[in-house]
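This briefing goes through selected local features of one protein model, grouped by topic. Please keep the sequence and the structure at hand while reading.

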Amino acid sequence: MKRARATLLLTEMLDRLEGGEWPLDLVDQILVFGSYARGALEPHDVDVVVEHRTDKRLTSEFVHALSYGGDPSGSMKRALKGRSRGLQLHLRERSTLEEDGFPLTVLWTRPEPVDAARARLAALTPDPTAGRAPRDHMIEAFEGLDRWIPRPVRIELVDLVSQGAVRIDRLDLPDAAPQHPAALEALHRWTETSPLRRAAAGALAHLESTGHTLDHVLLHGEPLTDSHHSAPTPTVGIGLGWHDFGYLPRLLEDVSDWFEVIRPTRTRPLHTLHLTVLDHTAVKAR
């Protein structure tokens with residue numbers, strides 16, 4: 001992306017912020033970092049940190065999105081980005097990035113006028129010697145998909161790989177239907193048009209086609225057969241849209257494989273990461 005295009009995207013974002021409609025009225029600070037902030041003439045994209053508060057409406061939408069396969073941060077991202085591509089938003093990640101040593105440049109802090117941000121943006125002058133900043137916490141399996149793998153997730157997974165605890169492979173699941181009666185019953189958790197149902201069906205069918213028994217599967221936080229109290233110990237897990245990420249290290253202690261459909265959608269490819277557990281002791285030591 002040319003720098004002029006990147007600057008235009010940031011300018012349009014500031015224009016939206018100035019409108020102040022919900023949920024933008026919850027934003028407290030905007031910062032930039034990475035190759036654009038360093039002056040690169042052709043940044044890959046623009047890394048933007050957004051610090052914001054939450055309210056009941058935003059919390060409700062977050063929970064609803066997790067349940068139905070949407071982006072939990074979709075409302076805030078759409079309000080800031082519109083339909084444009086090229087802005088990589090990092091929501092509420094300032095402290096983590098600072099701990100990792102990333103230099104952050106403040107564009108705007110509430111209650112400043114947005115014109116202050118426009119002035120700071122204009123002061124970010126081009127530097128022909130500044131190249132693109134490499135993406136941090138990346139492995140081959142993430143290439144091209146990192147915008148749908150939140151940075152905290154990348155950090156955790158790369159750490160597991162570097163310790164030899166897991167191997168991560170990438171696959172795209174075809175649209176397919178499982179045959180196991182319990183799998184077909186489990187799909188009734190979602191409506192016919194739900195992206196979660198499509199992703200779950202594709203993952204379950206893939207397990208059947210590769211010889212996994214479905215009697216020991218954990219699907220989106222629930223055992224496929226019986227209840228939490230009577231189900232067999234799961235040996236394979238299926239995650240949909242990082243719903244279980246907060247518990248993933250613990251869940252990996254017992255399974256041999258984990259399949260994470262990173263972005264369940266109604267029509268687009270079902271990009272999936274296959275985590276093969278290589279060392280349960282290393283997983284449990286985390």
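**Side chain to backbone contacts**

The backbone oxygen of Ile149 lies 3.2 Å from a polar atom of the Arg154 side chain. A polar contact is a pair of N or O atoms within 3.5 Å; within protein, one must be able to donate a hydrogen and the other to accept it, and residues adjacent in sequence count only if both atoms are side-chain atoms. The model is predicted, so local features need pLDDT of at least 70 and side-chain atom pairs count only at pLDDT 80 or more, while totals for chains, interfaces and linings use all residues. Residues are numbered from 1 along each chain as its sequence is written, and side-chain values use heavy atoms, with hydrogens and water left out.

- Arg154 is part of helix 7 (residues 151–162); helices (H or I, at least four residues) and strands (E, at least two) are DSSP runs, numbered from the N terminus.
- With a relative accessible area of 1%, Arg154 is buried (buried means under 20% relative accessible area, exposed over 50%, partly exposed in between, with a 1.4 Å probe and protein chains only).
- A polar atom of the Thr210 side chain lies 3.2 Å from the backbone oxygen of Leu207.
- Thr210 sits in the loop between helix 9 (195–209) and strand 6 (217–219), and Thr210 is partly exposed at 42% relative accessible area.

**Packing of helix 1 and helix 6**

- Helix 1 (residues 3–19) and helix 6 (residues 114–122) pack at an angle of about 170 degrees, and their axes are 10 Å apart. Axes are lines fitted to C-alpha atoms, for helices over the stretch in contact, and angles run from 0 to 180 degrees between N-to-C directions.
- The two helices are therefore roughly antiparallel (angles under 35 degrees count as roughly parallel, over 145 as roughly antiparallel, 65 to 115 as roughly perpendicular and the rest as oblique).
- Helix 1 contributes Thr7, Leu10, Thr11, Leu14, Asp15 and Glu18 to the contact, and helix 6 contributes Val114, Ala117, Arg118 and Leu121; contact means heavy atoms within 4.5 Å.

**Aromatic pairs**

- The count comes to two aromatic pairs. Rings of Phe, Tyr and Trp (its six-membered ring) pair if their centres lie within 6.5 Å; planes under 30 degrees apart count as stacked, over 60 as edge-to-face and the rest as tilted.
- Phe33 and Phe102 have ring centres 5.5 Å apart and planes at 70 degrees, so this pair is edge-to-face.
- Phe33 belongs to strand 1 (residues 27–33) and Phe102 to the loop between helix 5 (94–99) and strand 4 (105–109), so the pair ties together parts that are 69 residues apart in sequence.
- Phe33 is buried at 4% relative accessible area, whereas Phe102 is partly exposed at 24%.
- Trp242 and Phe245 also form an edge-to-face pair, at 6.4 Å centre to centre and 90 degrees between the planes. Both Trp242 and Phe245 are buried.

**Backbone geometry**

- Most residues other than glycine have a negative phi, and most peptide bonds are trans.
- Trp242, not a glycine, has a positive phi of about 65 degrees; Trp242 lies in the loop between strand 8 (236–240) and helix 10 (248–251).
- Arg92, also not a glycine, has a positive phi of about 55 degrees. Arg92 lies in the loop between strand 3 (87–91) and helix 5 and is partly exposed at 47%.
- The peptide bond from Trp22 to Pro23 is cis, with omega near 0 degrees, and Pro23 is in the loop between helix 1 and strand 1.
- The peptide bond from Arg110 to Pro111 is cis, with omega near 15 degrees, and Pro111 is in the loop between strand 4 and helix 6.
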